[in-house]
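This briefing describes a two-chain structure for a reader who has the sequence and the coordinates at hand. The points are grouped by topic.

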Amino acid sequence: MSTQNYYVPDQSRFPIFIAFSLFLLVMGASSTINNLGNAESNSVYILYIGFACLFTTLFFWFRQVIQEHIAGLDSNQLKTSYVYGMAWFIFSEVMFFAAFFGALFYVRTFAVPWLAGEGEKGVGVAAIELWKGFESTWPVISTPDQGVSYELADKSMAWPGWGHALEWLPMWNTIVLLSSSVTVHFAHLGLKNGNKKQFNLFLGITVSLALIFVGLQAAEYYEAYAHYGLTLNSGIYGSTFFMLTGFHGFHVMMGGIMLAIMLARSVFAGHFEVHDHFGFEAASWYWHFVDVVWVMLFLFVYIL
Amino acid sequence: MSAVIENHHEDHHHGPAKGLSRWLYTTNHKDIGTLYLWFSFAMFLIGGAMAMVIRAELFQPGMQIIEPEFYNQMITLHGLIMIFGGVMPAFVGLANWLVPMMIGAPDMALPRMNNLSFWILPFAFFILLSSLFMEGGAPNFGWTFYAPLSTTYAPPSVTFFIFSVHIMGASSIMGAINIVVTIMNMRAPGVGLMKMPLFVWSWLITAYLLIAVMPVLAGAVTMMLMDIHFGTSFFNAAGGGDPVLFQHIFWFFGHPEVYIMILPAFGIVSHIIETFSRKQLFGYASMVWAMLSIAILSFVVWAHHMFTVGLPLAAELFFMWATMLIAVPTGVKVFNWIATMFRGSITFETPMLFAIAFVVLFTMGGFSGLMLAITPADFQYHDTYFVVAHFHYVLVPGAIFSIMAAVYYWIPKWTGNMYDERLGKLHFWLSFIGVNVTFFPQHFIGLAGMPRRVPDYALQFADWNMVSSVGAFLFGLSQVFFLFIVIKTVMGGKKATDQVWEGARGLEWTVASPAPYHTFTTPPKID
């Protein structure tokens with residue numbers, strides 16, 4: 001194929017296989033969730049089969065894309081398409097988190113104070129004594145209906161003050177994740193300078209830091225559930241806390257898996273060249289994105 | 001592995017594969033465009049059949065045909081299917097067919113992902129429609145699925161609804177990324193941004209809107225899922241949340257969404273009016289800027305859907321003025337279309353008839369939108385049939401007329417055959433009369449106070465409801481006629497020339513009719 005020609009791939013079975021896997025996955029997920037607590041339901045197996053089909057198809061699809069690339073079939077134009085595509089995918093992820101940050105902003109600024117009878121809109125609530133005894137605090141210690149409450153604010157996830165900063169788990173999470181953004185950058189520098197050893201070493205460190213982060217996050221969730229009584233059920237503070245940190249944690253795992261695959265490709269298959277490593281670069285962009293989301297979380301969920 | 005790669009060289013300039021696999025495994029933008037268009041047509045007829053059920057029940061006051069519970073499922077599914085299954089896939093299908101040809105590209109930028117975007121949709125709508133047969137019935141909370149109706153009081157099928165919206169959203173995001181990348185990266189040398197055909201511009205802006213708001217919708221349904229099944233309190237005041245929060249998030253998605261359904265129509269109509277007026281489009285640059293302004297403003301007007309929920313006064317004022325501001329760029333567009341026709345040598349082929357009807361009737365829908373934007377007035381109009389009349393005027397003779405115009409305009413290029421002009425005109429007049437008889441009386445019954453989403457109504461609304469139902473049956477039947485015309489054209493007809501229309505300009509009219517399976521294998525020369 002001459003470089004003047006455009007590149008159009010052959011027919012492919014992968015897309016419709018992915019669509020069918022997604023179908024199994026969401027059918028399985030929906031019926032599993034609808035049958036929670038029903039021990040006789042076996043819809044969870046549909047969910048498993050959906051996942052298995054999805055990952056298998058993705059593996060072969062990515063394998064083919066990599067093979068085509070190595071065989072020199074990709075034009076420079078296609079490579080640019082990948083770059084643009086990844087950038088806009090990350091933008092869509094930003095908007096997904098924006099929905100949850102927006103919800104956090106709304107409940108903190110408007111909903112909770114109004115429920116406690118503050119401001120122009122809270123007057124009506126106060127007048128009919130709808131949520132008697134509810135106080136507007138953040139974190140919300142007990143819910144407006146007084147149904148759920150958990151222990152005092154100093155034991156919640158909020159900022160404990162400078163004196164206790166180093167005993168505070170989120171601080172260590174921040175340190176771990178920020179360092180991992182730096183190490184992935186060192187890995188990238190190594191690759192650009194043709195130093196594969198540096199690349200593998202720093203990428204390995206990054207993946208380990210990702211693992212440590214997920215471990216710390218799991219410890220934090222355990223603390224919240226076991227000792228603070230802070231759960232998904234403990235009102236709006238628990239809702240926003242777990243959904244924001246939970247989706248972030250999920251994205252950390254995704255990014256970590258991406259980087260681990262890049263590490264495996266580099267170590268076992270010798271992939272990536274000085275001027276040709278967009279697979280890794282896309283994963284590192286994703287990693288920096290996850291890091292930025294964490295900084296926002298640290299600020300708006302934990303400190304403020 | 002090597003076999004796969006060698007095939008690339010051999011198959012490259014061949015025609016389509018034989019049999020069913022052509023459609024299942026295709027990476028060709030024209031095949032995928034065709035799939036999208038037929039899928040949306042099928043959904044249009046299914047959603048339309050639901051509208052017929054609704055209008056049949058509303059033909060007379062009192063409950064005649066269906067139960068109120070089923071009525072609620074019908075209005076919910078009608079809305080969801082027409083928006084996500086009818087209008088949006090039709091525009092994506094048109095983008096698939098036309099954008100690569102208009103910018104001189106060989107195909108979409110990411111052809112395999114393109115096929116994935118399409119094939120998710122039949123599965124997603126299979127799930128949504130299958131909810132009709134589930135315990136408790138289909139979703140019954142209206143297409144806007146407000147909490148707590150959709151959380152606390154929803155039937156169990158809401159979980160299936162949530163996940164089908166998730167994968168529809170994934171399909172839309174992938175489709176939109178593909179279109180953005182195609183337009184930004186695949187233009188033939190010489191096609192500068194301000195030389196792009198307006199349909200390409202309209203889709204570039206639409207795709208940005210899609211990438212920005214579909215994830216927000218995913219966030220909204222995820223919060224619903226968590227509230228329903230996992231005990232969170234996002235939309236529950238007893239836990240410190242707020243049902244109004246749902247409306248804010250939903251309409252932050254929902255308002256850009258309505259422009260997603262009209263911007264591509266702006267592009268289509270600009271092309272058709274230009275061609276049949278045999279003049280260059282008046283004010284190309286202002287058309288682009290108007291679309292950009294509309295798109296940007298669409299992010300700061302969402303709460304005009306919520307004037308009556310008890311917003312602070314400052315918010316009511318801000319959203320009122322911001323909304324009315326949108327009339328300015330929209331007015332620029334209407335002015336430009338009329339100025340293009342001014343002193344043109346106009347002929348009235350079917351696409352032009354639909355385009356002119358679009359300009360007139362969409363403008364009427366826009367004006368009733370302005371009335372609704374006025375906060376104090378909206379306190380009267382809110383949730384009445386006036387709102388129903390308003391959004392059907394912008395969506396049916398707006399978005400859907402533009403899609404029909406596009407089909408008549410480009411079908412000679414797609415099939416190589418001319419449609420039957422007499423039948424096309426008949427279809428136009430039946431649709432035009434049907435749509436106005438259906439929706440114009442709804443303004444009256446709305447202003448007189450009939451609420452929307454009711455299966456039964458007070459006696460004084462009976463006459464106009466009957467008129468509206470008769471119009472709806474006429475409109476519904478004439479779309480079956482449309483199906484007949486399309487099939488007839490695909491099967492045969494007078495052969496089309498390459499240029500098809502005397503006044504048609506643009507790259508897609510320089511290639512053969514029907515367009516070859518692979519249009520451009522090397523970049524075309526642009527002057």
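Chain A contains eight helices and zero strands. Chain B likewise has zero strands, and it has 17 helices. The model is predicted, and every value below is computed from it.

**Chain A as a whole**

- In sequence order, the elements of chain A follow the pattern α-α-α-α-α-α-α-α.
- The C-alpha trace of chain A spans about 80 × 50 × 40 Å along its principal axes.
- Chain A has 304 residues, of which 35% are buried.
- Of the contacts in chain A with a separation of 6 or more, 67% are between residues 24 or more positions apart.

**Helix H1 of chain A**

- Helix H1 of chain A covers residues 14–34, and its 21 residues should span 30 Å at 1.5 Å a residue. The C-alpha atoms at its ends are 30 Å apart, which agrees with that expectation.
- Of the 21 residues of H1(A), 16 are buried, so this helix is largely enclosed by the rest of the structure.

**Chain B as a whole**

- Chain B, with its 17 helices and zero strands, has a radius of gyration of 23 Å, close to the 24 Å that the globule rule gives for 527 residues. Chain B is therefore as compact as a globular protein of that length.
- Along the principal axes of chain B, its C-alpha trace spans about 65 × 60 × 45 Å.
- Buried residues account for 59% of the 527 residues of chain B.
- When contacts in chain B between residues at least 6 apart in sequence are considered, 82% join residues at least 24 apart.

**The contact between the chains**

- Chain B gives 68 residues to the contact, and chain A gives 65 residues.
- On the side of chain B that touches chain A, the elements giving two or more residues are helices H1 (2–11), H2 (21–24), H5 (111–130), H6 (158–185), H7 (198–229) and H8 (243–260) of chain B.
- H6(B) supplies the largest share of that side, with 12 residues.
- By class, the side of chain B that touches chain A consists of 40 nonpolar, 24 polar and four charged residues.

**Packing of H13 against H16 in chain B**

- Two packed helices are described by the distance between their axes and the angle between those axes.
- Helix H13 (residues 350–373) of chain B and helix H16 (residues 421–447) of chain B have axes that come within 10 Å and cross at roughly 10°. An angle under 35 degrees counts as roughly parallel, which makes H13(B) roughly parallel to H16(B).
- From H13(B), the residues that take part are Thr350(B), Leu353(B), Phe354(B), Ala357(B) and Ser368(B). They meet Glu421(B), Gly424(B), Lys425(B), Phe428(B), Phe432(B) and His443(B) in H16(B).
- The contact of H13(B) with H16(B) has five nonpolar, four polar and two charged residues.

**The surroundings of Ser202 in chain B**

- Ser202(B) is located in helix H7 of chain B.
- Ser202(B) has 27 C-beta neighbours inside 10 Å and therefore counts as buried, the cut-off being 20 or more.
- Leaving aside neighbours within four places in sequence, Ser202(B) is in contact with Leu263(B), Pro264(B), Phe266(B), Gly267(B) and Met291(B).
- Ser202(B) lies 58 residues from Ile260(B) in sequence, while their C-alpha atoms are 9.3 Å apart in space.

**Cis peptide bonds**

- In chain A, the peptide bond from Trp138(A) to Pro139(A) is cis, with omega near 0°. Pro139(A) belongs to the loop between helix H4 (119–127) and helix H5 (169–192) of chain A.
- In chain B, the peptide bond from Ala147(B) to Pro148(B) is cis, with omega near 5°. Pro148(B) sits in the loop between H5 and H6 of chain B.

- Arg278(B) is not a glycine, yet it has a positive phi of about 55°. Arg278(B) is in the loop between helix H9 (263–277) and helix H10 (284–297) of chain B. With 14 other C-beta atoms within 10 Å, Arg278(B) is partly exposed.
- Arg453(B), also a residue other than glycine, has a positive phi near 60°. Arg453(B) is in the loop between H16 and helix H17 (462–491) of chain B. Arg453(B) is partly exposed, with 14 other C-beta atoms within 10 Å.

Key. Residues numbered from 1 in each chain as written. Chains lettered and ligands numbered in written order. Predicted model: local features only at pLDDT ≥ 70, side-chain atom pairs only at ≥ 80, totals over all residues. Helix = DSSP H or I, 4+ residues; strand = E, 2+ residues; numbered from the N terminus. Rg over C-alpha atoms; globule rule 2.2 N^0.38 Å. Buried ≥ 20, exposed ≤ 12 C-beta atoms within 10 Å, placed from the backbone. Contact = placed C-beta atoms within 7 Å. Nonpolar A, V, L, I, M, F, W, Y, C, P; charged D, E, K, R; others polar. Expected span 1.5 Å × (residues − 1). Axes fitted to C-alpha atoms, helices over the stretch in contact; angles between N-to-C directions. Parallel < 35°, antiparallel > 145°, perpendicular 65-115°, else oblique.
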